[in-house]
Amino acid sequence: NWITHDIEIISRFRKLRSLNIVGAPLNGRYPFLFNFPLLEQLKIHYSYCLKFDLEMLAGLPLLKELRCSGNRFLTGNINSLRVLK
């Protein structure tokens, strides 16, 4: 049985510039993780059950650096990204 974690409190940090998610036991989709207008750096490593699509990065207009590894539910086409400069 999977537990859905309530981490929506993170969405209150609207001025967040860097977000590192490493080994978090997240499962499912958390769209609010991809809605930070000032975020410049996003790192998601070894969050095996976090589901997200590269198109969700559109909610991060200032994103300059994206690092992902060990995320088996990452989908999308990297060539379609207009966010990363």
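This is a predicted model: local features need pLDDT of at least 70, side-chain atom pairs count only at pLDDT 80 or more; totals for chains, interfaces and linings use all residues.
Stop 1: Select strands S1, S3 and S6. These three strands form an open sheet. Read across it and the order is S1-S3-S6, with parallel pairing. Now look at the edges. They are strand S1 (18-22) and strand S6 (65-69), and each pairs on one side only. Averaged over the sheet, neighbouring strands are turned by 0° against each other, direction ignored. What holds such strands side by side? Strands of a sheet pair through backbone hydrogen bonds.

**Stop 2: S1 beside S3.** Keep S1 and S3 and hide the rest. How many bridges join S1 to S3? There are five, and the two strands run parallel. Pick out Ile 21 and find its bridge partner in S3, Ile 44. Then move to Val 22, which stands opposite His 45 in S3.

**Stop 3: two faces of S1.** Show the side chains of S1. In a regular strand, side chains alternate between the two faces of the sheet. Which residues of S1 are on the covered face? Leu 19 and Ile 21 are there. Ser 18, Asn 20 and Val 22 make up the uncovered face.

**Stop 4: the patch.** Together they make a nonpolar surface patch of about 330 Å². Zoom in on Tyr 48. It lies in the loop between strand S3 (41-45) and strand S4 (49-50). Why does Tyr 48 count as partly exposed? Because its relative accessibility is 45%, and partly exposed lies between the buried limit, under 20%, and the exposed limit, over 50%.

Methods:
Residues are numbered from 1 along each chain as its sequence is written. Side-chain values use heavy atoms; hydrogens and water are left out. Patches are made of residues with over 30% relative accessible area and no salt bridge: like charges are joined within 9 Å, nonpolar side chains (Val, Leu, Ile, Met, Phe, Trp, Tyr) within 5 Å. Accessible areas come from the Shrake-Rupley method with a 1.4 Å probe; for residues, only the protein chains shown count as cover. A salt bridge is a side-chain nitrogen of Lys or Arg within 4 Å of a carboxyl oxygen of Asp or Glu. Helices (H or I, at least four residues) and strands (E, at least two) are DSSP runs, numbered from the N terminus. Buried means under 20% relative accessible area, exposed over 50%, partly exposed in between (1.4 Å probe, protein chains only). Two strands pair if DSSP finds at least two bridges between them. Axes are lines fitted to C-alpha atoms, for helices over the stretch in contact, and angles run from 0 to 180 degrees between N-to-C directions.
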